[in-house]
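Q: Could we go through the ligand site and then a pocket?
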Amino acid sequence: MKIKALKGFKDIVPGEVELWQYLEEKARRVFERFNFAEIRLPLLEETQLFARSIGEATDIVEKEMYTFVDKQVTLRPEATASLIRAYIEHGLYVQKPVQRLFTIGPMFRHERPQKGRLRQFHQMDVEVLGSQSPRVDSELIAMASLLFTELGINVSLELNSLGCPACRPKYRETLVAYVNERKDALCSDCQRRSETNPLRVLDCKVQACKEQIVDAPSILEHLCDDCSEHFNTVQDGLNQLGVKYTLNKFMVRGLDYYCRTTFEFITADLGAQAAVAAGGRYDGLIETLGGPKDSHGIGFAMGMERLVLLLEQQKTVVEPSGVDLFIAGIGEEGARLAYGLAHGLRAQGISIGMDHEGRSLKAQMKLANKDFAKFALIIGDSELESGVGVVKNMRDRDAGPQEVKLTVEAIAATIG
Ligand code: ATP
Ligand code: MG
């Protein structure tokens, strides 16, 4: 019986993994420059954590979570809730008034797998906890934008504000009145949403619904003074830092906890899976989850599958680094000497490829090529006798062979 990976769950094999490492490395360097520290979080959490933070009437909680019903635990569908749980649990706000944290890893959502949409997918998640400064919003967005630039990925930025508990309820009423007038023309999901989560009607993907809401009232015209000032300062910051954006009054995001600034980075190159990163401010969430009163936070998540697809499409090539040296030991004695030298050289920090199956010289040289070896060294009868071998440069054909004494020190010096 052949067992395959589950639908929507993917292996990332050598040959593919290099691009993932490249992406992650680039991101880590950028996050470091902006003074973010890494936090590593568990994959499994109490179901309540997600139900309470993401919101009961959201796609994620209603239909996408992998929950072990008998244990009341859920594989995390996103990282923000877990990160805030950890922030509260470890009293991180006591250690430092503003925490700047990032985490990278797999998330789980039970949705229909497609290109750029998996059931286990990976996010790079960045959060600033403990600041309500609009400067933080624009700084964070500018950081994401800088990472896209450094990756050579072309995206556009859409921006909105969702107001706050002071101004959103009134807007919600206006919107519900507007939606109710058109309810019969909406899809069944939106008819239900109009009662449970009316803002979600605004980002319905069904064409009929899109047509109905073109003239829907805009939240941006209903912001209270504080939200309005915050949003203006965010835009000033983006302008100052040279980040281009467009306002999208229909962008409401799929999670309940957002308030004020929300944003998405969109690509035109991946069909329906257009969002490559998304985030926003969630000022009430920390308190809801039992943290200190009046806490503030903002963050975003980048979808790594989609970024890797874009890197592939634009033909970003990351060469496998390959081993420094392949040692081909021929015959029992040659293999024995190669075995000892390999370990000595590895201990010196040199990467070594070798064969343990007694293969022929020709077969071993093929392996050296598969290992992308920079140098090769053959140890057969004549080398054993003379104690001297020849190091061949596998990358530079013009570089001639170099004689070397068969000791760890001499080999290390020759190829170092
Ligand atoms: P979408 O509208 O594509 O479903 P979302 O709003 O559900 O996205 P978020 O929860 O905001 O996504 O997650 C942030 C990012 O994570 C998305 O912009 C996307 O790049 C990525 N992402 C989300 N769900 C998936 C998935 N199932 N497979 C791959 N990437 C995903
Ligand atoms: Mg989704």
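Q: Which backbone contact does Leu118 make with ligand 1?
A: A backbone N or O atom of Leu118 lies 2.8 Å from a nitrogen atom of ligand 1, a polar contact being a pair of N or O atoms within 3.5 Å. This is a predicted model, in which local features need pLDDT of at least 70, side-chain atom pairs count only at pLDDT 80 or more, and totals for chains, interfaces and linings use all residues. Residues are numbered from 1 along each chain as its sequence is written, chains are lettered from A and ligands numbered from 1 in the order in which they are written, and side-chain values use heavy atoms, without hydrogens and water.

Q: What lies 2.6 Å from a nitrogen atom of ligand 1?
A: A polar side-chain atom of Glu111 does.

Q: And Arg306, how far from an oxygen atom of ligand 1 is its polar side-chain atom?
A: That distance is 3.0 Å.

Q: How much of the accessible area of ligand 1 does the protein cover?
A: The protein covers 87% of the 580 Å² that ligand 1 has on its own (Shrake-Rupley method, 1.4 Å probe).

Q: Which strand gives the most to the shell?
A: E10 does, with four residues; strands here are DSSP runs of at least two residues, numbered from the N terminus.

Q: Changing topic, how much space lies in the second largest pocket?
A: About 330 Å³, a volume being the space filled by probe spheres set on the grid points, which are joined across faces, edges and corners. A pocket is an open set of points on a 1 Å grid over the protein atoms alone where a 1.4 Å probe fits, with protein on both sides within 12 Å along at least five of seven lines; lining residues have an atom within 4 Å of a point. Among the 20 residues that line this pocket, Pro165 and Cys259 are included in the group closest to its centre.

How values were computed: A polar contact is a pair of N or O atoms within 3.5 Å; within protein, one must be able to donate a hydrogen and the other to accept it, and residues adjacent in sequence count only if both atoms are side-chain atoms.
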